[in-house]
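Please study the sequence and the three-dimensional structure shown below.

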Amino acid sequence: MPDRNGDPDLASAPSRRRSQQSHQAVLQATVALLNEVGYRRLSFEGVARRAGVGKATIYRWWPNKAALVIEALNGEVPLRPLPDTGDLEADLRTAIRLTVEITSAMP
C-alpha cells in the first residue's frame, strides 16, 4: 500500500520507514567493519554502534548478516561484464571463477 504521496517504500508503519541517512550510515559502517574485523566478527550490534542507529533498526531492515553485507557491498566491487559465448556451462564456470577471485582478494 503506497503512502499519501504514492511512495510504496514508505507505505508501512512509521517504524518500517527507512531514513536515507540512517540507511547509508549502516551500509558505510558495514563496509568499514568488514575491512576491520572481517565477516565472522561483524555483528549487527557493532554496525549499529558505528552507524549511530539502534540495533532494532538493522534487524528490522535486514533479515540476517549476509543480506546486510550483500547490500553494503553492492556496487563496491568492480565487476567487468561477462561475455556470452553461447556455451552456458563455460559462461557459468567463468562467472564462478571470477566470483571466487574477487572474494578471495577481499580483506
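A charge is said to sit over a ring if NZ of Lys or CZ of Arg is within 6 Å of the ring centre and within 35 degrees of the ring normal. The charged end of Lys65 meets this rule, for it sits over the ring of Tyr39, 4.3 Å from the ring centre. The model is predicted, and local features need pLDDT of at least 70, side-chain atom pairs count only at pLDDT 80 or more, and totals for chains, interfaces and linings use all residues. Residues are numbered from 1 along each chain as its sequence is written, and side-chain values use heavy atoms, with hydrogens and water left out.

Consider next helix α4, residues 65-73. Helices are DSSP runs (H or I, at least four residues), numbered from the N terminus. A polar contact is a pair of N or O atoms within 3.5 Å; within protein, one must be able to donate a hydrogen and the other to accept it, and residues adjacent in sequence count only if both atoms are side-chain atoms. Asn64 caps the N-terminal end of α4, with a side-chain oxygen 3.2 Å from the backbone nitrogen of Ala66.

Which residues of α4 are buried? They are Leu68, Val69 and Ala72, where buried means under 20% relative accessible area, with a 1.4 Å probe and protein chains only. These residues lie on the same side of α4 because they cover an arc of only 95 degrees around the axis, the arc being that of the directions from the helix axis to the C-beta atoms. An α-helix has 3.6 residues a turn, so residues three or four places apart point the same way. The cover over the buried residues of α4 includes α1 (20-41), α2 (44-51) and α3 (55-61).

Helix α1 contains His23, which is buried at a relative accessible area of 9%. The side chain of His23 makes a polar contact with the side chain of Glu71 (2.7 Å).

The largest nonpolar core has 18 residues; such a core is a set of buried Ala, Val, Leu, Ile, Met, Phe, Trp, Tyr and Cys residues joined through side-chain atoms within 4.5 Å. Helices α1, α2, α3 and α4 each supply at least two residues of this core, and the largest share, six residues, comes from α1. Among the residues with the most contacts inside the core are Val26, Trp62 and Leu68. Val26 touches residues including Val47, Ile58, Trp62 and Leu68, not counting residues up to four places away in sequence; contact means heavy atoms within 4.5 Å. Trp62 counts as buried, at 2% relative accessibility.

How values were computed:
Buried means under 20% relative accessible area, exposed over 50%, partly exposed in between (1.4 Å probe, protein chains only).
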